[in-house]
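Subject: Structure handover

Hello,

Here is the structure I said I would pass on. My notes on it follow below.

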Amino acid sequence: MTSTGRPGTHPPPSHRRGPTLPAHRLPRLPGQVALPEQKSGSPSPARLQHFNNAPADDVERALLTCCRNPRWAHRLAAHRPYPDLDALLAAADEAAYDLTPGDLAEALAGESLTQLPDGGYSAAHTALSAAHAAYESRFGHVFVICLDGIAPEEALDQVLGAIRSRLTNDREEERVTTADELRRLARGRLARLVQNFSAPPVLERPL
């Protein structure tokens, strides 16, 4: 992402989630979706070919479920075809590194609270709600973290620990960290998207 340096490469709407946090959370944004949680192995050649050959508008709309920034989505769609998943993910990383602060703010505006296993929110409701509220009050946007590779039973502790740790960051430090977490989130979502690519996802209607 812009001026962050280059760190190492490190659902449909019916997807179930635990009880939501109350009070301080803003309403869900129009068109917000979540991708299904599935293991992200290599997509079949047919899936990648479908992604490469689908109309640009359909692909851009699908890509916006991975990162809510139109410039990021347009860049990835415009540089098709990709020979394999690794090439696509490398292009996604490159586009993420090049996001401007305004692009990053736009992408963050489309993010929701990190999804935890069912019951995760109620298990530490007060602590998690207070931590999210403190973070949003300090930095002005939702807390994002990539939990790919984290065991479900460890996710809640990971989120709480990360929020508390990152609350000590200054604004520039947190911008850099947030940008990289958003890049990693987009990368994982993109791998799952291509693995299951068959038709554009249907965006949720505003509540």
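Two residues are in contact here when heavy atoms of theirs lie within 4.5 Å of each other. By that rule, and leaving aside residues up to four places away in sequence, Trp72 touches Leu63, Cys66, Cys67, Ala92, Ala95, Ala96, Leu99 and Ala186. Please keep in mind that the model is predicted.

Overall layout

The protein chain holds nine helices and zero strands. Of its 207 residues, 44% are buried. The accessible surface comes to about 10,400 Å², and carbon and sulfur atoms account for 54% of that surface.

Cores

Trp72 also belongs to the largest nonpolar core, a set of 36 residues. Along with Phe51, Leu63 and Leu190, Trp72 is among the residues with the most contacts inside this core. Two or more residues come from each of helix 1, helix 2 (56–63), helix 3, helix 4, helix 5 (101–109) and helix 9. Helix 9 gives the largest share, eight residues. As background, nonpolar side chains in soluble globular proteins tend to be buried together.

Helix 4

Helix 4 covers residues 85–97, which makes 13 residues. From its first C-alpha to its last it reaches 18 Å, close to the 18 Å expected at 1.5 Å a residue. Its buried residues are Leu85, Leu88, Leu89, Ala92, Asp93, Ala95, Ala96 and Tyr97. What covers them includes helix 1 (45–53), helix 3 (70–78) and helix 9 (171–195). In an α-helix, residues three or four places apart point the same way, because there are 3.6 residues a turn. At the start of helix 4, a side-chain oxygen of Asp84 comes to within 3.3 Å of the backbone nitrogen of Asp86.

Two loop residues

Pro83 sits in the loop between helix 3 and helix 4. Its relative accessibility is 69%, so Pro83 counts as exposed. The C-alpha atoms of Pro83 and Gln49 are 8.9 Å apart, although 34 residues separate the two along the chain.

Thr65 is in the loop between helix 2 and helix 3. Is Thr65 buried or exposed? Thr65 counts as buried because its relative accessibility is 6%. The side chain of Thr65 reaches the backbone oxygen of Ala62 at 2.6 Å.

Regards

Notes. Residues numbered from 1 in each chain as written. Predicted model: local features only at pLDDT ≥ 70, side-chain atom pairs only at ≥ 80, totals over all residues. Heavy atoms only, no water. Helix = DSSP H or I, 4+ residues; strand = E, 2+ residues; numbered from the N terminus. Expected span 1.5 Å × (residues − 1). Buried < 20%, exposed > 50% of the residue type's maximum accessible area, 1.4 Å probe, protein only. Polar contact = N/O pair within 3.5 Å; in protein donor to acceptor, adjacent residues only side chain to side chain. Core = buried A, V, L, I, M, F, W, Y, C linked by side-chain atoms within 4.5 Å. Areas by Shrake-Rupley, 256 points an atom, 1.4 Å probe, with all protein chains shown as cover.
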